[in-house]
Structure formats: structure tokens, C-alpha cells
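Subject: A structure for you to look at

Dear colleague,

My notes on what was found in it come after the structure.

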Amino acid sequence: MYVDSHCHLNFPELAADLPAILDRMTANQVTHALVVSVNMPEWPGLMSLVEPEARLWASVGVHPDYEDTPDPSPEELVRLSEHPKVVAIGETGLDYYRLSEPLDWQRERFRRHIRAARDARLPLIVHTRSSAEDTVRMLREEKASEAGGVMHCFTETWEVAQAALDQNFHISLSGIVTFKNAQIVHEVAAKVPLDRLLIETDSPYLAPVPYRGKLNDPSKVIHVAEKIADLRGISVAEVARASTENFFKLFNKIKR
Ligand SMILES: [Zn+2]
Ligand SMILES: [Zn+2]
């Protein structure tokens with residue numbers, strides 16, 4: 001059995017096709033998917049998708065790429081996270097690729113999310129792009145290790161992975177690991193301790209080979225597991241077992 005630790009099933013292109021996606025998950029033995037929040041206006045819709053479906057779980061938070069959007073306080077995030085289907089805070093983090101300075105608002109938002117995760121005693125889902133140094137520094141400054149969490153869709157170097165592991169974080173690999181030119185990610189996939197590894201689709205984006213360029217969905221996470229198994233020289237069953245075990249340990253509100 002497999003789990004998808006990060007997807008955006010509430011995005012319209014996937015939500016419109018939900019019954020078929022759930023059927024494909026069943027066919028591929030993908031038993032659970034974490035539907036990750038990107039902003040507050042879309043959060044009620046995300047929750048109404050997740051609430052009736054035992055295989056789907058949710059996070060609450062605001063993605064760093066959304067500039068002009070309501071910014072919840074740590075107290076508000078904690079309050080919303082008390083819902084039984086909400087198992088993590090995020091996605092949050094820093095993204096210096098899509099936006100440019102001044103980004104103080106983005107760093108302040110990240111700090112508020114780290115505080116919320118510590119207060120709620122829930123894991124943090126961290127997005128980092130072209131900002132690894134600041135991301136790791138802020139995780140340290142705000143004592144994110146007390147909450148722990150995951151560096152999602154990891155594309156940084158092994159040195160950054162080690163710094164995140166030191167802060168009590170897991171490393172989640174997406175379909176990027178199946179791309180031929182992703183040598184840095186291949187190295188991380190081979191080296192990350194098996195008890196800190198998660199797998200994800202980040203769907204609807206980043207469909208793994210052999211679906212590259214097409215619409216992605218949680219059923220395709222099996223191809224991420226297959227490539228990691230290949231890179232580590234272990235069986236896909238072993239990658240599936242470890243990443244599933246880690247998922248339930250980290251997101252410990254999720255019922256199997
Ligand atoms: Zn992200
Ligand atoms: Zn995401």
C-alpha cells in the first residue's frame with residue numbers, strides 16, 4: 001500500500017474528476033492522500049471535499065506564493081487545526097523564485113505558521129524554492145524542530161537535506177525524482193534515511209515519468225516509489241512500507 005503525502009485534489013482540474021481519481025487510487029493501492037491547503041478562501045472547499053472521504057485528509061495554511069490574500073494569525077491557525085480531519089499546518093515556507101524582494105511579509109507569514117505548528121503540536125509542511133538558506137535558518141530560529149514536519153517536493157542538495165533532517169524534518173520526494181536530469185534529487189533519494197522518507201505527487205503538477213507533462217493525481221505516486229527503489233537498490237515494497245509507516249507516524253491524527 002502507498003500514501004500520497006502532498007496533493008492539491010481540491011484544485012478544479014482534479015476536483016472535477018474526483019470519483020475517477022479515487023477509483024484509480026484504489027486500483028493502485030494508494031490508500032490515503034493529504035490534501036494540502038494553499039490559501040484561506042479555498043480552504044472551506046478543500047474541507048468539504050475531504051470531510052466525507054475516509055482516504056482524504058487536510059492541512060491548513062497559506063502558501064508563500066499568494067501575496068494579496070488573508071493571513072491568519074497563529075491563534076486562528078491553531079483553532080482551525082482542531083478539526084479532526086486537519087492533520088498538519090501548511091503549506092508554508094519561502095519562495096524566492098516566483099516573487100522577489102521585498103518579501104518580509106512572506107518571512108513573517110512563515111514565522112506565524114511555525115508558531116502555530118508548535119502551539120498546535122502538529123507537523124509543518126514546508127515549501128522552499130530558491131530560498132533554502134533562509135528556510136533552514138528560520139526553522140532553527142523559530143524552533144520548528146519542536147513541531148517537526150516535512151520538506152515537501154524536495155529539490156535541494158544533500159547538504160540542505162541534512163540540515164532539515166537535523167531539525168527533525170522528513171524529506172518528501174515528488175515525481176521530479178523520475179526526471180532524467182534531476183541528479184541532485186537522485187542523490188538525496190539514495191541517501192535519505194529510510195525512516196525519514198515520504199513520497200508525494202504534488203498533483204496536479206509534476207506528473208512522474210511515464211506521465212510527464214500530463215495531469216497528475218495521487219494514484220501516480222507509485223511511480224515515485226518505483227524510482228526511489230531503483231535508485232536505492234531495494235524493492236518497491238520496502239519503499240512503500242517505509243514511506244507509509246513514516247506518514248502515519250508523522251501525521252498521527254490520520255486514521256488508517
Ligand atoms: Zn509547494
Ligand atoms: Zn503543494
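A polar contact, a term needed below, is a pair of N or O atoms within 3.5 Å, of which, within protein, one must be able to donate a hydrogen and the other to accept it. By that definition the side chain of His6 makes a polar contact with the side chain of His8, at 3.2 Å. Please keep in mind throughout that this is a predicted model.

The chain as a whole

The secondary structure of the chain comes to ten helices and eight strands. The radius of gyration is 17 Å, close to the 18 Å that the globule rule gives for 256 residues, and so the chain is as compact as a globular protein of that length. Along the principal axes, the C-alpha atoms fill a box of roughly 40 × 40 × 30 Å. Buried residues make up 59% of the 256 residues, and of the contacts with a separation of 6 or more, 72% are between residues 24 or more positions apart.

The annotated sites

Which residues does UniProt list, in an unreviewed entry, for "binding site"? The record names His6, His8, Glu91 and Asp202. Although these residues span 197 residues in sequence, no two of their C-alpha atoms are more than 11.3 Å apart, so they gather at one spot. His6, His8, Glu91 and Asp202 also belong to the lining of the largest pocket.

To take two of them in turn, His6 lies in strand S1, which runs over residues 2–7, and His6 has a relative accessible area of 1%, which makes it buried. Not counting residues up to four places away in sequence, His6 touches Leu34, Val36, Glu91, Ile125, His152, Glu200, Thr201, Asp202 and Ser203. Asp202, in turn, is placed in the loop between strand S8 (197–199) and helix H9 (221–232). Asp202 is buried as well, with a relative accessible area of 9%, and, leaving aside neighbours within four places in sequence, Asp202 is in contact with His6, Cys7, His8, His152 and Cys153.

The UniProt annotation "binding site", again from an unreviewed entry, covers His127 and His152 too. These two are spread over 26 residues of sequence, yet they cluster in space, with a largest C-alpha distance of 5.8 Å, and the lining of the largest pocket takes in both His127 and His152.

His127 is found in strand S5 (residues 124–129) and is buried, with a relative accessible area of 13%. Its contacts, apart from neighbours within four places in sequence, are His63, Pro64, Glu91, Thr92, Gly93, Leu94, Asp95 and His152, and its side chain makes a polar contact of 3.3 Å with the side chain of His63. His152 is placed in the loop between S6 and H7, and, since buried means under 20% relative accessible area, His152 counts as buried at 4%. Among the residues in contact with His152, beyond those within four places in sequence, are His6, Glu91, His127 and Asp202. Where does the side chain of Glu91 come in? A polar contact of 2.9 Å joins the side chains of His152 and Glu91.

In soluble globular proteins, nonpolar side chains tend to be buried together. In this model the largest nonpolar core has 70 residues, of which Leu9, Leu56, Leu124, Leu139, Ile171, Leu173 and Ile228 touch the most other members. Apart from that core lies another, of 14 residues, among them Val3, Leu34, Val150 and Leu198. Leu173 is in contact, neighbours within four places in sequence aside, with residues including Phe154, Val185, Leu198, Val224 and Ile228.

In helix H7 (residues 158–166), the buried residues include Trp158, Val160, Ala161, Ala163, Ala164 and Leu165. What covers the buried residues of H7 includes helix H6 (132–141), strand S6 (149–151), strand S7 (169–173) and helix H8 (183–191). H7 is followed by Asn168, whose phi is positive, near 75°.

Is Asp65 buried or exposed? Asp65 is buried, with a relative accessible area of 19%. Asp65 lies in the loop between strand S3 (56–60) and helix H4 (74–80), and, not counting residues up to four places away in sequence, Asp65 touches Asp95, Arg98 and Leu99.

With best wishes

Methods:
Residues are numbered from 1 along each chain as its sequence is written. Chains are lettered from A and ligands numbered from 1 in the order in which they are written. This is a predicted model: local features need pLDDT of at least 70, side-chain atom pairs count only at pLDDT 80 or more; totals for chains, interfaces and linings use all residues. Side-chain values use heavy atoms; hydrogens and water are left out. A nonpolar core is a set of buried Ala, Val, Leu, Ile, Met, Phe, Trp, Tyr and Cys residues joined through side-chain atoms within 4.5 Å. Buried means under 20% relative accessible area, exposed over 50%, partly exposed in between (1.4 Å probe, protein chains only). Contact means heavy atoms within 4.5 Å. UniProt positions are given in the numbering used here, feature names are shortened, and annotations may be inferred rather than shown by experiment. On a 1 Å grid over the protein atoms alone, a cavity is a set of points where a 1.4 Å probe fits but cannot get out, and a pocket is an open set with protein on both sides within 12 Å along at least five of seven lines; lining residues have an atom within 4 Å of a point. Helices (H or I, at least four residues) and strands (E, at least two) are DSSP runs, numbered from the N terminus. The radius of gyration is taken over C-alpha atoms; the globule rule is 2.2 Å times the number of residues to the power 0.38.
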